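Dear colleague,

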Amino acid sequence: MRIEARSAGSYELLASLRRGDIEAAFITLGTPEPGLDALEMRREEVVLMARRGSDLARRGSIGWEELGALTLIRREEGSGTRRAFDAMVTRLGVAPARGLDLGSWESMREAVAQGLGLGIAMRGEIEPDDTRVAAVRIGPPQLELGHYLVALPELRQTAQVSALYALAAEPAA
């Protein structure tokens, strides 16, 4: 068995999966797309990533309607978190100011830590003891997404993919 780790947005990984470039992927979506065999690993709230010590970080939460006055730093268009966030603000009629679109979570975290704006992230991506950034709740309503292991049904029973699903289903130690 060979495992190759790729860092990419969820929708880029889904495209690779459907093309047959990869056999399975870990992705973030509200619900799994039809036609996939999906194992939900966990669900998490979407939050803003703020510079530690900022007024907003000390406040700890913000309403969706307040986002219009903020400069946001977003991941690439293929990010499941970004697409879900964009869909939520559209549904709520909120027009947040756009700041930067960056290609990785690490570059977004660094931009937030430098005070360039607020990032859009999953709560679990921000360590509570991180000295540079903090999570800020958005809502109500809260936006929650699932982290899934996905494969095409025809590949799900292959030895390699089946073994990956078995490992993923084991409780964390």
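The notes below set out what was found in this model, which is a predicted one.

The nonpolar core

The largest nonpolar core holds 23 residues, and those touching the most other members are Leu48, Ile62, Trp64, Leu67, Leu70 and Phe85. Two or more residues are given to this core by each of β2, α2 (55-59), α3, β6 (118-122) and β7. Helix α3 supplies the largest share, four residues. As a general matter, nonpolar side chains in soluble globular proteins tend to be buried together.

Phe85 illustrates the reach of these contacts. Setting aside neighbours within four places in sequence, Phe85 is in contact with Val46, Trp64, Leu67, Leu72, Pro96, Ile120, Ile138 and Leu143.

Leu92 belongs to helix α3, which covers residues 80-92. Its relative accessible area is 35%, so Leu92 is classed as partly exposed. Apart from residues up to four places away in sequence, Leu92 touches Trp64 and Pro141. The C-alpha atoms of Leu92 and Trp64 are separated by 7.9 Å, although the two are 28 residues apart along the chain.

Pro141, the other partner of Leu92, lies in the loop between β7 and β8. Pro140 is found in the loop between β7 (133-138) and β8 (144-151) as well. Most peptide bonds, by contrast, are trans.

Glu44 in strand β2

Is Glu44 buried or exposed? Its relative accessible area is 10%, and Glu44 is therefore buried, the cut-off being under 20%. This residue lies in strand β2, which spans residues 37-51. A polar atom of the Glu44 side chain lies 2.4 Å from the backbone nitrogen of Gly124. Leaving out neighbours within four places in sequence, the contacts of Glu44 are Met122, Arg123, Gly124, Glu125, Leu143, Glu144, Leu145 and His147.

Helix α4 and the residue that follows

In helix α4 (residues 105-113), the buried residues are Trp105, Met108, Arg109, Ala111, Val112 and Ala113. In an α-helix there are 3.6 residues a turn, so residues three or four places apart point the same way. Just after α4, Gly115 takes a positive phi of about 85°.

Yours sincerely

Terms used:
Residues numbered from 1 in each chain as written. Predicted model: local features only at pLDDT ≥ 70, side-chain atom pairs only at ≥ 80, totals over all residues. Heavy atoms only, no water. Buried < 20%, exposed > 50% of the residue type's maximum accessible area, 1.4 Å probe, protein only. Polar contact = N/O pair within 3.5 Å; in protein donor to acceptor, adjacent residues only side chain to side chain. Contact = heavy atoms within 4.5 Å. Core = buried A, V, L, I, M, F, W, Y, C linked by side-chain atoms within 4.5 Å.
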